[in-house]
Amino acid sequence: MNIIYTGTQTEFTPQHREKLEAKLQKISKMIERKGEKEAHITHRQERFLHVLEISINMFDHRIVCYGEDAELSAAMNIALEKLDKQVVKLREKWRDTKRHQPTKEGESETAEPEDLTGTENKKIYRVDHESDGRKPMTLEEAVLEMDGTRNGRPDYLVFRDAGTDHLSVLLRRRDGNFDLIET
């Protein structure tokens with residue numbers, strides 16, 4: 001862990017530095033992110049109080065802990081205890097949070113992948129059109145849907161035709177016209 005010291009009044013003694021660096025090494029093991037970890041330590045003295053501030057970035061959060069006491073070692077212990085508690089709390093919160101990959105357009109969230117034998121790491125997702133809650137649309141509505149989404153500008157649209165109740169695919173050609181494939 002890269003430690004940056006900042007202070008105007010006094011320097012840290014070698015004993016304080018060793019103790020501080022040993023505790024920060026233990027805390028840095030709890031931070032599982034790869035790359036260079038950095039701790040900023042700021043020390044200032046206000047009348048008879050030593051104020052120590054330790055700040056670390058973890059999981060895109062900035063953790064800042066303060067410790068103040070008449071003795072530097074006691075202020076350092078207070079700040080390190082607070083830092084340890086916050087790191088443990090944030091790590092548990094990060095570990096316990098369930099994260100899902102966003103689904104792509106056209107896939108239902110309940111689609112289960114099927115592994116194909118003979119192909120390398122390719123999967124097929126079966127989409128259940130009855131459970132996704134979409135109603136059938138006419139050909140004109142499908143064309144309006146494709147023209148209405150110019151930001152993403154899809155090249156194709158799969159829809160259930162309201163007149164025939166069959167699946168149809170509407171493809172946008174390079175010249176701007178459409179091809180219709182009916183099943």
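Predicted model: local features only at pLDDT ≥ 70, side-chain atom pairs only at ≥ 80, totals over all residues.
Strand β8, which covers residues 167-172, is joined by five bridges to strand β9, residues 178-182, and the two run antiparallel. Within this pairing, L171 has D179 of β9 as its bridge partner. Between the two strands of this hairpin lie five residues, and in the hairpin G176 takes a positive phi near 100°.

On its other pairing, β8 meets β7, again in the antiparallel sense and over five bridges, with R160 standing opposite L167 of β8. Taken together, these strands form an open sheet of three strands in the order β7-β8-β9, with antiparallel pairing. Because β7 (156-160) and β9 each have a single partner strand, they stand at the edges of the sheet, and one side of each is left without a neighbour there. From one strand to the next, the twist averages 20°. As a general point, strands of a sheet pair through backbone hydrogen bonds, either parallel or antiparallel.

In soluble globular proteins, nonpolar side chains tend to be buried together. Here the largest nonpolar core has 23 residues, and those with the most contacts inside it are L24, I41, I54, L83 and V87. The elements that contribute two or more residues to this core are the helices α1 (14-30) and α2 (72-96), together with the strands β2, β3 (49-58) and β4 (61-69). Of these elements, α2 gives the largest share, namely seven residues. To see how one member is placed, consider L24, which, when its neighbours within four places in sequence are left aside, is in contact with M1, I3, A39, I41, I54, I56, L80 and L83. Apart from this core lies another, of six residues, among them M137, M146, L157 and F159.

A last stop is strand β2, residues 38-46, where H43 is found. Is H43 buried or exposed? With a relative accessible area of 2%, H43 counts as buried, because the word applies to residues under 20%.

Terms used. Residues numbered from 1 in each chain as written. Heavy atoms only, no water. Helix = DSSP H or I, 4+ residues; strand = E, 2+ residues; numbered from the N terminus. Buried < 20%, exposed > 50% of the residue type's maximum accessible area, 1.4 Å probe, protein only. Pairing = 2+ DSSP bridges. Axes fitted to C-alpha atoms, helices over the stretch in contact; angles between N-to-C directions. Core = buried A, V, L, I, M, F, W, Y, C linked by side-chain atoms within 4.5 Å. Contact = heavy atoms within 4.5 Å.
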